Amino acid sequence: MQLLGVDIGGSGIKGAIVDTQTGELVTERLRIKTPSPATPEAVAQTLKELYTQIGYQGPVACGFPARVMKGVVQTAANIDKSWINTEVEKLFSETLGQQVFVANDADVAGFAEMAVGAGRDYQKGQVIFLTIGTGIGSAIFLDGALYPNSELGHVIFKGDSAERYCSDSAREKNDLKWSEWGKRFNEYLCHIDFLLKPDLFILGGGASKKFEKYKDALTVDTKVIPAQTLNFAGIIGAAMYGESCLKQLEFK
């Protein structure tokens, strides 16, 4: 199946048509700057612009930076507060005139990584995928199946939300060298390891591209590897998520 996958981020809205069987992008990735303020209506119109420019007709799936349950936005840690309780799937579907499926961005990125990235050889046991960027997103998989809408970046750590201590934005804010930041992130991984004891951590997001610069600081017992799908994870995973939603509708 070929389906338009969209990664909605704080700075950019990115999309491409994806072959959901291989994870390959069928078209070039298109990026449009996220509107400011990023209100629901403004983002919906930007999504429509991307949809039109790509020249695609059909259902769409989006990764979104919040907890999304039954098509409704539940949290707004790193997005405009006006999103809370917004029926995002309904809004996007009405704006595009097409069926739009929406899920948490870390969940769909993890979906891609488990299917065609670093996690494809780890379909047994528990895998925790973490996206490291402005915040810390998480996706938990057990025997290849996703447990959706986890928020491991918001566990209380060092007296505050963990992402305030060891996200990539925290590294930049505190002007930390990668090795210094790696020690912080290792503390966090050890905490999550104690709580959930996974078989594998996969690190995605912007910081995963610098893995070689801090990997020696990671002494957590559980194996840690960098993601492979990198900047395309959100797009690929969104398309794959959309395909799974369409298949579920077929069986109803």
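These are my notebook entries on a predicted model of a single chain.

**Conventions**

I number residues from 1 along each chain as its sequence is written. As the model is predicted, I require pLDDT of at least 70 for local features and 80 or more for side-chain atom pairs, while totals for chains, interfaces and linings use all residues; side-chain values use heavy atoms, with hydrogens and water left out.

**Entry 1: the chain as a whole**

I looked up the secondary structure and found 8 helices and 15 strands. Here helices (H or I, at least four residues) and strands (E, at least two) are DSSP runs, numbered from the N terminus.

I then checked the overall dimensions. The radius of gyration is 17 Å, which agrees with the value near 18 Å that a compact globule of 252 residues would have. That radius is taken over C-alpha atoms, and the globule rule is 2.2 Å times the number of residues to the power 0.38. Along the principal axes, the C-alpha atoms fill a box of roughly 50 × 40 × 30 Å.

I noted that buried residues make up 54% of the 252 residues. Buried means under 20% relative accessible area, exposed over 50%, and partly exposed in between (1.4 Å probe, protein chains only). The chain exposes about 11,900 Å², of which carbon and sulfur atoms supply 49%. These areas come from the Shrake-Rupley method with a 1.4 Å probe, and for residues only the protein chains shown count as cover.

For contacts (heavy atoms within 4.5 Å), I considered pairs at least 6 apart in sequence, and 59% of these join residues at least 24 apart.

I also recorded the charges: there are 26 positive and 30 negative side chains, and the centres of the two sets lie 4 Å apart. Lys and Arg count as positive and Asp and Glu as negative, without His or the chain ends; each charge is placed at NZ of Lys, CZ of Arg, CG of Asp or CD of Glu.

Is strand 5 enclosed or open? I found 5 of its 5 residues buried, so strand 5 is largely enclosed by the rest of the structure. Val-60, Cys-62 and Phe-64 point one way from the strand, whereas Ala-61 and Gly-63 point the other way.

I next looked up the pairing, for which DSSP must find at least two bridges between two strands. Strand 5 (residues 60-64) pairs with strand 8 in the parallel sense over 5 bridges. Within this pairing, Ala-61 stands opposite Phe-101, and Phe-64 has Asn-104 as its bridge partner. Strand 8 (residues 100-104) is itself mostly covered, with 5 of its 5 residues buried.

Strand 1 (residues 2-8) also runs parallel to strand 5, joined by 4 bridges. There I found Asp-7 opposite Gly-63.

**Entry 2: backbone geometry**

I noted a cis peptide bond between Ser-36 and Pro-37, with omega about 0 degrees. Pro-37 is placed in the loop between strand 4 (30-33) and helix 1 (40-54).

Asn-85 is not a glycine, yet I read a positive phi of about 75 degrees for it. This residue sits in the loop between strand 7 (72-73) and helix 2 (88-96), and Asn-85 is exposed, at a relative accessible area of 57%.

For Lys-158, phi is likewise positive, near 60 degrees. I located Lys-158 in the loop between strand 12 (156-157) and strand 13 (160-161).

**Entry 3: individual residues**

Where is Lys-197? I found Lys-197 in the loop between helix 6 (178-196) and strand 14 (200-204). Leaving out residues up to four places away in sequence, Lys-197 touches Gln-126, Ile-192 and Asp-221. Lys-197 and Asp-221 are 24 residues apart in sequence, and their C-alpha atoms are 9.4 Å apart.

I placed Lys-173 in helix 5 (residues 168-173). Lys-173 is exposed, with a relative accessible area of 75%. From Lys-173 to Gly-117 I noted 30 Å, C-alpha to C-alpha, for 56 residues of sequence separation.

Tyr-147 belongs to strand 11 (residues 145-147) and is exposed, with a relative accessible area of 57%. Tyr-147 and Ala-118 are 29 residues apart in sequence and 18 Å apart in space, C-alpha to C-alpha.
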